[in-house]
2 protein chains.
Amino acid sequence: MNYNDLFNIIEDKERVKLGSEIGDKYLSDALNRDKGKAEALVFAVNTEEVSKVMKLAYENNIPVTPRGAGTGLVGATVPHKSGIILDLSLMNNILEMDENTFTVTVEPGLHLVQLQKFVEDRGFFYPPDPGEKNASIGGNISTNAGGMRAVKYGVTRNYVMGLEVVLADGSVLNLGGKVIKNSSGLDMKDLIIGSEGTLGIITKAILKIIPKPQRTVSALISFNSLKEGIDTVIKIIKKNANPTAIEFMEKDVIENAERFLELKFPCSTGNAYILLTFDGDEEFEIENNCKKVEEAALKNNALEFILLREKEDIERTWRIRGALVTAVEAVSEQEPIDIVVPIDRSADFIAYTKEAEREFGIKISSFGHAGDGNVHLCVIRNGMEEKLWNEKSKLLLEALYKKGHQLKGLPSGEHGIGLHKRPYFMEITDKINIEYMRRIKRVFDEKGILNPGKSYS
Amino acid sequence: MNYNDLFNIIEDKERVKLGSEIGDKYLSDALNRDKGKAEALVFAVNTEEVSKVMKLAYENNIPVTPRGAGTGLVGATVPHKSGIILDLSLMNNILEMDENTFTVTVEPGLHLVQLQKFVEDRGFFYPPDPGEKNASIGGNISTNAGGMRAVKYGVTRNYVMGLEVVLADGSVLNLGGKVIKNSSGLDMKDLIIGSEGTLGIITKAILKIIPKPQRTVSALISFNSLKEGIDTVIKIIKKNANPTAIEFMEKDVIENAERFLELKFPCSTGNAYILLTFDGDEEFEIENNCKKVEEAALKNNALEFILLREKEDIERTWRIRGALVTAVEAVSEQEPIDIVVPIDRSADFIAYTKEAEREFGIKISSFGHAGDGNVHLCVIRNGMEEKLWNEKSKLLLEALYKKGHQLKGLPSGEHGIGLHKRPYFMEITDKINIEYMRRIKRVFDEKGILNPGKSYS
């Protein structure tokens, strides 16, 4: 096609870049590992423009790679089949805040941090809280992002009440709305959530918000071994203590982040830690939940239970938790993995990573969401020669995904599949599931122009 | 086809009924309004049998109508295209209770009441609680059943972690699992939930359970008008008082149920009531939440706030609430409606039903889930002559669904669409949504043999 036709659609000529005008960052994602190529980059500002771009692409069989803030970790925004990059970062408005239906309606380019601040300033709360606060909401929805607070509040899926979606041929689909319950026909909204831009382009989202909890405290528990820590988590959940987040991490990962940030972690006993938060409106409620957890922990070989009440202590501790990956990356290239296993198999899976470290001679840092079995691993290159690293890390990753599968887990809890995890995902997923996903893809995108070759497609 | 071929599949000949051997109840649903016809009725006992029956039906282009306990209200189990009725009520086993992953794995024919009792006896809790406790879990999943406790705990969809589904051609699809998070390919599990047997036959479900709350209390608040009551609900939710259920009902409906049950409702002031429950482990937590609600209510013109602490009072009150529809039906035929609107439009919708009552000369009782905008109406025949009733009630229903649509609502919050609501659903749903639902149907069931003509199909 003649890409100059895009200038007939987009009024402001500055919002169309062709060929070599396309900045490098638009050809990759946050990890900047794979680099695609593209003929055109379009910054759309409204649904109509998105629709017109899609219509043009559809008529000309041109691949379209949608992108938001570009913070993805799996290569889903890499335009590896060339064509058009459709950037939605300028569609970042908060369209409506409706206090009576507890909803906020936003455009997809809005950053999570902006949404959180906006609603919290008004006494409300948007619970999903993935680590990357500068991710766009469209990206959060496209990957069904999870994050720390999923234990108590659930994941992004649980907060998406309605979607406006532009389909491959440019038509516009409205799904859900401000209603809480729905038993009216097929649930296409949940099909779009987590589909990584392969079924349609999200141009508007109605999100659920809740009243903001007035208080929050954190607690840190140390153990001799990670296994003891993770076993304790199941006992904590059985106690109905309602924690907001339950994270696990090991001493060496913490020490690395301490060095990186030049900050001191508030606990030095033991080799593994469980970090929890509790939120609510009433002090006695939170205190009571903390007490339940302390009792359960001390009964299960905890070495120390530290209640973090001061804002400064809480912030410092979570800053260290938040910087674990960055601290690893400051030292070496790493491959991030977010395999999810049934909650009681986390310890088995982590134990296997120790075996795999020895077998493959590659260091693996592990930490993650102990409250939901979503294990984060950094597979660390540590200066290994490129060819060897490529070979060995691939074999190691295959072994890790296979083990996750054996434990009845899934390859991704919150990052998505994209390009990087696709081979592993394909290997362990039932053929019939892939076949039906592809058939559904053809329903929405018969020409296969929407983010082709990503995930199952 | 030769229906005697079914005897080659089903070992126990007693589990296949042909032609006139088929009992009347298998040709309809709980309302017994529409009556279909069928060539064969099969009681399957395992996934393999379901698969073989589907394969036979697929090869011979025979419609299959799946059914569980037959408690549906919208005609989804009426075999109106003849063919085979596939009854799953004998597949009613609890296959596994896994305390470490907080899951229970069940067959679809298990009744809700049996599941609830089983897990509660073991200190756990299955929160979805639709009014009909003898519904089957398969039916609950197929309609995404909601119920009273949705305000705090969500609906059936939020508790389905994994599904085994037999497809139209007899192949078996496994979706989800015991993992809490999932960002691994398209979410086909949520597509099956609420699909009313049009995409596949659910043969196994992994359900999420939670620790059982130790205490529960109820509170009853009276108002001069329903509008004041419903307006108060939004203020209660803003207070973060975390009620489990918030129901509304009017005096005349209560009085009818009092007469029917010969029981006394614990409040006689006012014309409208809000009935709430609170649950949790700690008395002070529940007391504090009740206090918040009492303050909010009295500030909003509540006449009386009655805390129900005694088990006998709580049971009696909820027995009356639970019998509202039965009490109406004891007096007259009625048409049940469960339109859902944004929570702040419930009062507007109810106000419209009063207008509609006058305009159409047909009595409408209203009650329902004030905490989530799911309004239940009984449109009451009251001895009206058949032809007139058929004509007028159809026009009234059209007006009600249209009004719900104008208020940005949806035709069903929890009952589903089935056969009875199909014309209204088709009328108010965007053509493009129906088109995509039908295309998805063809992915799973190209021959259109699975519960044909129900809902969108």
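I began with strand β13 (residues 245–250) of chain B: three bridges join β13(B) to β17(B), and the two run antiparallel. Strands here are DSSP runs (E, at least two residues; helices are H or I, at least four), numbered from the N terminus. Two strands count as paired if DSSP finds at least two bridges between them.

The model is predicted: local features need pLDDT of at least 70, side-chain atom pairs count only at pLDDT 80 or more, and totals for chains, interfaces and linings use all residues. Residues are numbered from 1 along each chain as its sequence is written, chains are lettered from A and ligands numbered from 1 in the order written, and side-chain values use heavy atoms, without hydrogens and water.

I looked up the partner of Met249(B) in β17(B); it is Phe367(B). On to β18 (residues 374–380) of chain B: β17(B) pairs with it in the antiparallel sense over seven bridges. I found His369(B) opposite Asn374(B). Four residues lie between these strands in the hairpin, where Gly373(B) has a positive phi near 75°.

Is β17(B) largely enclosed or open? Six of its seven residues (363–369) are buried, so the rest of the structure largely encloses it. Buried means under 20% relative accessible area, with a 1.4 Å probe and protein chains only.

Next I checked helix α8 (residues 251–261) of chain A. Its buried residues include Val253(A), Ile254(A) and Leu261(A). Among the elements covering them are β13, α10 and β17 of chain A, with contact meaning heavy atoms within 4.5 Å. Glu262(A) follows α8(A) and has a positive phi, near 55°.

Key:
Buried means under 20% relative accessible area, exposed over 50%, partly exposed in between (1.4 Å probe, protein chains only).
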